[in-house]
Amino acid sequence: ANVGYLYNMPRDINRQIGTVTIGEVDPGDSISLGFGFGFAVNQRFSYSLGYSHAYVMETETELNNTLQQSTALQVGSVQMGMSFRATERLTLSTSVDFGVTTDAPDVRVSFRAPLRW
């Protein structure tokens with residue numbers, strides 16, 4: 001399980017793009033929570049299942065001296081993974097994340113092959 005807080009520092013952009021002047025941009029901070037479990041089938045193969053959720057606060061942007069505010073985001077996903085230890089030095093891992101909120105990506109697939117030196 002994990003709990004996290006991500007602080008994003010505001011920045012003064014001071015640029016003009018076309019007819020729009022961009023002033024200060026304050027990206028939204030984020031609060032996250034995750035939990036899950038892993039299960040070893042044998043000494044070489046394991047699988048995992050988990051859930052992670054992040055609440056991303058509103059971003060405030062100054063455009064033409066007017067403050068614009070985005071909406072907050074709810075990003076939640078269910079994660080499933082498998083890991084196989086091919087050799088003493090090489091492990092093959094794959095995971096699939098399924099978005100369960102409208103702000104989350106629909107699917108994310110990853111393959112990893114960490115090699116221990």
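1. Basis. The model is predicted: local features need pLDDT of at least 70, side-chain atom pairs count only at pLDDT 80 or more, and totals for chains, interfaces and linings use all residues. Residues are numbered from 1 along each chain as its sequence is written, and side-chain values use heavy atoms, with hydrogens and water left out.

2. Largest pocket. Its volume is about 260 Å³. A pocket here is an open set of points on a 1 Å grid over the protein atoms alone, where a 1.4 Å probe fits, with protein on both sides within 12 Å along at least five of seven lines; lining residues have an atom within 4 Å of a point. Points are joined across faces, edges and corners, and the volume is the space filled by probe spheres set on them. The lining has 19 residues, and S52, V75, S77, Q79 and D97 are the closest to the centre.

3. Lining of the largest pocket. Two or more residues come from each of β4 (30–40), β5 (45–56), β8 (73–85), β9 (91–99) and β10 (107–112). Strands are DSSP runs (E, at least two residues), numbered from the N terminus. By class the lining has eight nonpolar, nine polar and two charged residues. Nonpolar means Ala, Val, Leu, Ile, Met, Phe, Trp, Tyr, Cys and Pro, charged means Asp, Glu, Lys and Arg, and the others, Gly among them, are polar.

4. Second largest pocket. This pocket has a volume of about 160 Å³. Its lining has 18 residues, with S48, G81, M82, T94 and S95 nearest the centre. Six lining residues are nonpolar, eleven polar and one charged.

5. Nonpolar patch. F37, F39, V41, Y47, L49, M80, M82, F98, V107, V109 and F111 form a nonpolar surface patch of about 1100 Å². Patch members have over 30% relative accessible area and no salt bridge, and nonpolar side chains are joined within 5 Å. Areas are Shrake-Rupley values with a 1.4 Å probe. β10 contributes the most, three residues. V107, in strand β10, is partly exposed at 48% relative accessible area (buried is under 20%, exposed over 50%, partly exposed in between).

6. Positive phi. Most residues other than glycine have a negative phi. N64 has a positive phi of about 50 degrees, and N65 one of about 60 degrees. N64 is partly exposed at 39%, whereas N65 is exposed at 72%.

Notes: Helix = DSSP H or I, 4+ residues; strand = E, 2+ residues; numbered from the N terminus. Patch = residues over 30% accessible without salt bridge, like charges linked within 9 Å, V, L, I, M, F, W, Y side chains within 5 Å. Salt bridge = Lys/Arg side-chain N within 4 Å of Asp/Glu carboxyl O. Buried < 20%, exposed > 50% of the residue type's maximum accessible area, 1.4 Å probe, protein only.
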